[in-house]
Amino acid sequence: IAGVVFTGSTEVARLLQRALAGRTRTDADGRARPVPLIAETGGQNAMVVDTSALPEQVVQDVLASAFDSAGQRCSALRVLCVQEEAAPRLLAMLRGALRELRLGAPTRLATDVGPVIDEAARAGIVEHIETMRARGCAVWPLPLPPEAQAGTFVPPTLIELDGLRLPPREVFGPVLHVLRWRREQLPALIEAIHATGYGLTFGVHSRIDETIEALTQQVRAGNHYVNRNMIGAVVGVQPFGGEGLSGTGPKAGGPLYLYRLLADPPADTVARARAFVGADEPADWRAPVVLRGPTGQRDTWALLPRRHVLCVARDAATRRAMADRVRALGGRPLELDEGAPIEAALAALPEAPEVAWFDGDAAQLVALQQALAARPGPVVPVVV
């Protein structure tokens with residue numbers, strides 16, 4: 001196997017990582033390389049709505065984001081975060097709009113919400129709804145019509161959370177969690193979003209430019225959607241993918257995608273990528289690029305440095321050079337304690353690495369890959 005491209009759950013992506021950890025491939029110069037794994041996985045995707053947002057637009061975008069495809073999209077809205085003062089009116093409108101949805105066979109044009117994929121999925125989602133109800137959360141399910149009583153239908157459901165704690169796992173179906181926040185709680189809300197470990201999609205509805213700027217700068221997610229729904233990214237126009245538990249990068253449909261499959265990517269990959277999207281080469285490669293896209297919206301693409309990079313090399317000089325490069329790009333280099341077994345050295349790191357940068361032989365590469373694959377958390381790619 002020369003490479004693996006995967007879309008699905010984080011758990012299966014980790015199984016693939018463990019299966020590939022004992023393998024390497026050889027480039028044209030005879031050097032050992034990892035077998036690349038591009039994993040695009042799930043998300044605990046949040047949308048933040050403030051008091052300046054247009055409620056009619058919010059409701060329309062929430063319905064599409066949470067309940068299209070019966071919520072069975074990795075990008076689907078999972079947690080709606082509404083500023084406290086706007087919540088009563090907005091939630092009343094949302095519950096009213098929810099009652100207008102039609103459940104039934106997806107082969108019918110009049111159907112808005114169809115079934116979930118199988119009985120195991122249905123049972124797991126229903127169990128989550130009942131668990132949240134037993135915990136004391138307010139639950140609003142849409143009654144199932146007669147034509148949806150049989151089969152694997154789950155009623156579109158709103159669950160209001162108490163406090164700023166998001167559910168730790170993705171519920172892959174037509175379930176929308178709602179929480180209320182106060183203005184002074186916005187930093188805590190951002191931390192709660194990050195605490196899930198996912199980083200796929202994020203939405204914001206606001207007419208205040210400063211709020212939009214602050215949220216899109218602070219929230220770590222692969223795709224940000226401003227004053228629109230959070231689903232249906234157009235391949236080639238809106239490159240799609242996440243970070244953390246949501247995937248390894250690079251984005252599906254983006255100009256860097258195929259380079260990830262090469263044994264020896266070209267040194268000018270970034271310049272090629274920017275040229276692909278029609279950008280002039282600026283002094284700062286991190287300058288955002290406005291992409292060609294649909295009329296009526298602006299699509300912006302930017303490259304960001306990894307925050308925590310594990311630097312592993314066969315000699316100290318190479319390791320120092322790696323660390324200098326990471327710092328120059330705005331990241332933090334992490335180094336292993338050479339006197340400890342690799343598993344213990346990884347456990348002692350001050351931060352979890354987002355990527356490992358490696359220089360060494362095939363046996364050392366396999367040892368590093370297997371140690372990273374044994375750790376809990378996100379899939380950590382190894383780059384030679």
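Is R180 buried, partly exposed or exposed? With a relative accessibility of 32%, R180 counts as partly exposed, because buried means under 20% relative accessible area, exposed means over 50%, and partly exposed lies in between (1.4 Å probe, protein chains only). This is a predicted model, in which local features need pLDDT of at least 70 and side-chain atom pairs count only at pLDDT 80 or more, while totals for chains, interfaces and linings use all residues. Residues are numbered from 1 along each chain as its sequence is written, and side-chain values use heavy atoms, with hydrogens and water left out.

**Salt bridges**

- The count comes to 17 salt bridges, each defined as a side-chain nitrogen of Lys or Arg within 4 Å of a carboxyl oxygen of Asp or Glu.
- R180 forms one of them with E160, the closest N and O atoms being 2.5 Å apart; this pair links distant parts of the chain, since E160 belongs to strand β8 (residues 157-160) and R180 to strand β9 (residues 175-181), 20 residues apart.
- E160, at 13% relative accessibility, counts as buried.
- D324 and R327 meet in a salt bridge at 3.3 Å, N to O, and because they stand 3 residues apart in helix α8, about one helical turn separates them.
- D324 is partly exposed at 49% relative accessibility, and R327 is partly exposed at 48%.
- Salt bridges that share partners join D27, D29, R31 and R33 into one network.
- Within that group, the side chains of R31 and D29 meet at 3.5 Å, N to O; R31 is partly exposed at 39% relative accessibility, whereas D29 is exposed at 60%.

**The sheet and its helices**

- An open sheet of 4 strands has the order β17-β16-β18-β19 with parallel pairing, where two strands pair if DSSP finds at least two bridges between them, and helices (H or I, at least four residues) and strands (E, at least two) are DSSP runs numbered from the N terminus.
- The edge strands, β17 (332-334) and β19 (382-383), each pair on one side only.
- Strand β16 (residues 308-313) runs parallel to β18 (residues 355-359) and is joined to it by 5 bridges, and V309 has V355 in β18 as its bridge partner.
- Helix α10 (residues 362-373) packs on the sheet and touches β16, β18 and β19, its direction making about 165° with that of β18; contact means heavy atoms within 4.5 Å, and axes are lines fitted to C-alpha atoms, for helices over the stretch in contact, with angles running from 0 to 180 degrees between N-to-C directions.
- Helix α8 (residues 316-328) lies across β16, β17 and β18, running at about 160° to β16.
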